[in-house]
Amino acid sequence: MKAQALTPVFIEYIPAELEPGHLYVSMQFETAVHLCACGCRSKVVTPFGLRDWILTFDGTVSLRPSVGNGQQHCRSHYNIRNNRIDWLPQISAVATQAASFRDRAVHIGAKVHPSAPPPLWRRILDRIRRPRSTP
């Protein structure tokens, strides 16, 4: 059964056995973990950081960006806002692949979207202007 909300549980260490409907938050390890909100019982790990998820707490917990379980059989996709689950359409294989590529690129510092090659006129001009090496 799909969850409609998650109850935040602030802890130091993530427990071995997770309870459905709980969002376990370890500030020390900058990570939140929960069982997939669709009910499939897949473990969902969301590390915090500028290049990962951002957790906000104002008496309720919000996590952004969305949680997309594209590598799980359920392919569930949802936002966690103010402890509530806001369901989104299932995440596609193409969207999962794009997100994986983007995440890897961001973590290694590569360009997320490689720039297009310069136009032909620019390449010709650059070649003309390039100093010639002397033997």
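A disulfide here is a pair of cysteine sulfur atoms within 2.5 Å. The legends below describe a predicted model, in which local features need pLDDT of at least 70, side-chain atom pairs count only at pLDDT 80 or more, and totals for chains, interfaces and linings use all residues. Residues are numbered from 1 along each chain as its sequence is written, and side-chain values use heavy atoms, with hydrogens and water left out.

View 1. Searching the whole structure turns up 0 disulfides. For C40, the closest cysteine sulfur is that of C38, 3.5 Å away and too far for a bond. C74 is in no disulfide either, as its nearest cysteine sulfur, again in C38, lies 3.7 Å away.

**View 2. How open C40 and C74 are.** C40 is partly exposed because its relative accessibility is 35%, while C74, at 15%, counts as buried. The cut-offs are under 20% relative accessible area for buried, over 50% for exposed and in between for partly exposed (1.4 Å probe, protein chains only).

**View 3. The largest pocket.** Its volume is about 780 Å³, meaning the space filled by probe spheres set on grid points joined across faces, edges and corners. On a 1 Å grid over the protein atoms alone, a pocket is an open set of points where a 1.4 Å probe fits, with protein on both sides within 12 Å along at least five of seven lines; lining residues have an atom within 4 Å of a point. Of the 27 lining residues, W53, G68, A99, S100 and D103 are the closest to the pocket centre.

**View 4. What α1 brings to the lining.** With 10 residues, α1 gives the most to the lining of the largest pocket; helices are DSSP runs (H or I, at least four residues), numbered from the N terminus.

Technical notes:
Helices (H or I, at least four residues) and strands (E, at least two) are DSSP runs, numbered from the N terminus.
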